[in-house]
Amino acid sequence: MKGLSSGKKRRTPGERQMAGSMERSPFFRVLIYTLFIVLVSFLVYSSSVLGHIASSNAIFVATFLVIGLIVIFDVQHQHKVKNSRAILLFGSMAVQLSLIHAVSFVVEAMKLDPSYSLLLVPFLIAPLTNTVLLGRLSGMYTSYVVTLLGATLVPVDFRLQYMVLSLIAGLTVVMLTKQVRRRSDILRAGFYAGIGVLLLSVMFELVLIPGDSVLFREFGLKTLAVIGVSMFVTMVVGGILPIIESLFGITTNISWLEMSDLNHRLLRRMQLEAPGTFHHSLIVASLAETAAEEVGANATQCRVCAYFHDIGKLKKPTYFIENQGDVNPHDALTPSMSALIIIAHVKDGVDLAVKHKLNPMIVDVIREHHGDSLVYYFYHKAREARKMAESKAGQGLENMEDLPDVNEENFRYPGPRPRTPESGIISLADSVESASRSLKKPTPAKISSLVDDIINKRIAEGQLDDCGLTLRELQLVRGSFSKTLRNMLHSRIDYPKEEDRKNDAERRAAGRPSSLQLRVEDRPESVAKMSERQLVKADDGDA
């Protein structure tokens, strides 16, 4: 398919349906669960061969335990979990359990101190990976699972100690990675988890406090083992995060922050070729980010997607009012042609996003931020032109058969409507920011009324039906938009003219008010009470 301006090939509907069916297929999900059960059973059997488990019945106990944990996971997600998420979750746990078994095998084969079978265990791999990529609930679930199942793989004498160390280490990582915005946050979480494991190891006498040089050397080795393993695991997880994100279609806040760099090629082009659109995008990003924080949506994602949501205007920047000078190109076009150019910026934006390999979530926001709404201005203009032509036809000046039909569908964006909370918030922020430019003398009442009208209109048109925002959340979005716009559009105190400054002394001497006092008369009472010195200072501060 070479028809797209980007030169890239989009997925066909058939390919998308196939990918979606694989994500939701119960067969693949059952296969994932079965493979995990088989792996755990094999690891438990291998541990019994090493003598870590007293009875072979532990294999059956472990198998039924795994089945119970899988049922809890599936029911918790209402049997609708994506298969890719299940692969990541159970795959990371399988890696950690395999490493626990491998550590026990190596320690026994090399005849090391048995305590190393715990001190060298990478407690953080699965909880850290799943918390950063899938969220805190997944991280908590992972911590419990690897704690219960890992206890069947370590020597019997260390089973209780392992469960305490594993659970505390996992929960520490989950709590410290609530807001991961840079890779150093992952290293910090790993370091503190390692310190926690070390302190517990001292309490359990796995690491003895040194009393002589021999014990001091052993203490140093064991301390290095505990902290070193924790830090090594966090560095590995932080390093492979981009690979995992790409494989499973997940984007973390770390990646969103990396994509927020305003020096991106498309954003640099926008600054030079469409400065008005660039400024508009920055304000939309601020509105959307603040509103997303209020409703618990991904604020960083909203900010980044808002930066790129109008990149399609780069193809014809002067046809959009924020980039126009004294000449409006639409004056020479018919309303239908103007609407076609305006609507095309969505498709052009998708093409540019695909060409520059932007995140799929950004592409979705570009496609959805106008939904299937009506380009009302040009639709209204076309209807007015049609009415005028009909009146001329009634006078015999034109032929009715030559008059073009005004079809509403030709003036609508292709859609789809916003399908995520973030996309819905950006759609509203885009409309609110554009409309706020029409306010000549913005006041808090006017701003609140404008925001309410736009959101109510979007709700009435059904544009927000698929985005998952509740009425309570929309109420929070209203308040956030109003507050942010009030801060952006606040009125400023006028600068006094030079001639007014020169005549102030004469006016005061004659008993008349100064130029600054005259300008205060129409201002709110709180401003009118300010002294003249305060007014001058406020003017200088807002300059």
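Okay, let's start with a cut-off: a salt bridge here is a side-chain nitrogen of Lys or Arg within 4 Å of a carboxyl oxygen of Asp or Glu. With that, K315, K347, D348 and D351 are linked in a network of salt bridges.

Quick word on what we're looking at. This is a predicted model, where local features need pLDDT of at least 70 and side-chain atom pairs count only at pLDDT 80 or more, while totals for chains, interfaces and linings use all residues. Residues are numbered from 1 along each chain as its sequence is written, and side-chain values use heavy atoms, with hydrogens and water left out.

One of its links is K347 to D348, with the closest N and O atoms 3.7 Å apart. I'll be saying buried and exposed a lot: buried means under 20% relative accessible area, exposed over 50%, and partly exposed is in between, using a 1.4 Å probe and protein chains only. On that scale K347 is partly exposed at 41%, and D348 is buried at 9%.

How many salt bridges does the structure hold? The count is 17. Two others I'd click on. E322 bridges to K313, closest N and O atoms 2.9 Å apart; E322 is partly exposed at 22%, and K313 is buried at 9%. Then there's R269 with E273, at 3.2 Å from N to O. Both of those sit in helix α12, residues 265–273, and they're 4 residues apart, about one turn of the helix. For helix names, I'm using DSSP runs numbered from the N terminus: H or I with at least four residues for helices, E with at least two for strands. R269 comes out partly exposed at 31%, and so does E273 at 38%.

Okay, aromatics. The rule pairs rings of Phe, Tyr and Trp (its six-membered ring) if their centres lie within 6.5 Å; planes under 30 degrees apart are stacked, over 60 edge-to-face, and the rest tilted. That gives 9 aromatic pairs. Take F36 and F90: they're edge-to-face, 5.1 Å centre to centre, with 65° between the planes. F36 is in helix α2 (residues 26–50) and F90 in helix α4 (residues 83–109), so this pair ties together parts that are 54 residues apart in sequence. Buried or exposed, for F36? Buried, at 4%, and F90 is buried too, at 3%. Ring pairs also link Y33, F36, F73, F90 and Y141 into a cluster.

The test is NZ of Lys or CZ of Arg within 6 Å of the ring centre and within 35 degrees of the ring normal. K222 lies over the face of Y116, 5.8 Å from the ring centre, and K457 does that with Y376, at 5.7 Å.

Now the backbone. Most residues other than glycine have a negative phi, and most peptide bonds are trans. With that in mind, K111 has a positive phi of about 55° and is not a glycine. K111 is in the loop between α4 and α5 (116–119), and it's exposed at 74%. K357 also has a positive phi of about 55° without being a glycine; its loop runs between α15 (335–355) and α16 (360–368), and K357 is exposed at 69%. Which peptide bond is cis? The one from G415 to P416, omega near 5°, with P416 in the loop between α17 (376–394) and α18 (421–436).

Helix lengths next. The expected span is 1.5 Å times one less than the number of residues. Helix α13 (residues 275–295) has 21 residues and should span 30 Å, and its end C-alpha atoms are 31 Å apart, which agrees. Just after α13, G296 takes a positive phi of about 80°.

Last stop, the surface. Patches take residues with over 30% relative accessible area and no salt bridge, joining like charges within 9 Å and nonpolar side chains (Val, Leu, Ile, Met, Phe, Trp, Tyr) within 5 Å; accessible areas are Shrake-Rupley with a 1.4 Å probe, and for residues only the protein chains shown count as cover. L187, F232, M235, V236, I240, I243 and L247 make a nonpolar patch of about 670 Å². Helix α10 (residues 213–248) gives the largest share, 6 residues. F232 sits in α10, exposed at 54%.
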